[in-house]
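Visitor: I would like to learn how to read a few features of a model.
Guide: Then let us take them one at a time.

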Amino acid sequence: MLRGLAVSRLRTLVPRMETEYLKKCFGNSLSQALAEVAKVRPSDPIEYLAHWLYHYRKIALANEKNMREQIQLMEEYENSLKEKEMAAMLKQEELQIQQKCEECHKKVISPAFNQELTEPFEEEALEQEPLPGTASRIPAVPQQFPPSELAEEIEQNLESP
């Protein structure tokens with residue numbers, strides 16, 4: 001008796017599992033296909049059903065691919081908006097830093113210091129004591145010595161500390 005009860009439960013469980021499997025794999029497509037076969041009443045309903053399901057699958061794959069592409073495009077668009085927003089924020093921050101830097105430079109250089117820089121220098125400040133042995137030379141124009149004089153001057157400079 002127990003064994004018979006287990007067998008009857010197993011028989012009711014198996015069709016339920018098959019039904020769930022069919023729903024999972026076919027969804028509404030199988031019921032739509034069968035409704036189409038009943039409506040059209042083709043001479044070979046099995047072949048018609050096979051072609052209808054094949055065509056349905058082809059369209060379903062194309063729709064899935066299209067949806068994935070649309071999602072990817074939306075993500076790329078959102079990322080580009082974020083990048084654009086970030087670039088604008090960085091540009092604004094750069095401008096603020098430049099403004100602060102300019103303000104700091106203005107505070108460091110006082111107006112009195114600017115006047116001192118613009119006043120002409122006194123000649124006394126420019127006059128410097130010439131280095132030994134260079135009093136007669138003009139700094140901007142290099143002087144050429146004959147090789148013998150040059151050697152003598154170098155020896156003199158080396159001998160005198």
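Visitor: Which residues form a nonpolar patch on the surface?
Guide: A patch is made of residues with over 30% relative accessible area and no salt bridge, with like charges joined within 9 Å and nonpolar side chains (Val, Leu, Ile, Met, Phe, Trp, Tyr) within 5 Å. A salt bridge here is a side-chain nitrogen of Lys or Arg within 4 Å of a carboxyl oxygen of Asp or Glu. Accessible areas come from the Shrake-Rupley method with a 1.4 Å probe, and for residues only the protein chains shown count as cover. In this case the nonpolar patch consists of Tyr21, Leu22 and Phe26, which together have about 290 Å² of accessible area.

Visitor: What should I know about the model and its numbering?
Guide: This is a predicted model, in which local features need pLDDT of at least 70 and side-chain atom pairs count only at pLDDT 80 or more, while totals for chains, interfaces and linings use all residues. Residues are numbered from 1 along each chain as its sequence is written, and side-chain values use heavy atoms, leaving out hydrogens and water.

Visitor: Is Tyr21 buried or exposed?
Guide: Buried means under 20% relative accessible area, exposed over 50%, and partly exposed in between (1.4 Å probe, protein chains only). Tyr21 has a relative accessible area of 51%, so Tyr21 is exposed. Tyr21 lies in helix 1 (residues 2-26); helices (H or I, at least four residues) and strands (E, at least two) are DSSP runs, numbered from the N terminus.

Visitor: Which residues of helix 2 are buried?
Guide: They are Ser29, Ala33 and Val37. These residues cover an arc of only 75° around the axis, so they are on the same side of helix 2. The arc is that of the directions from the helix axis to the C-beta atoms.

Visitor: How many helices and strands are in the chain?
Guide: There are six helices and zero strands. Of the 161 residues in the chain, 3% are buried.
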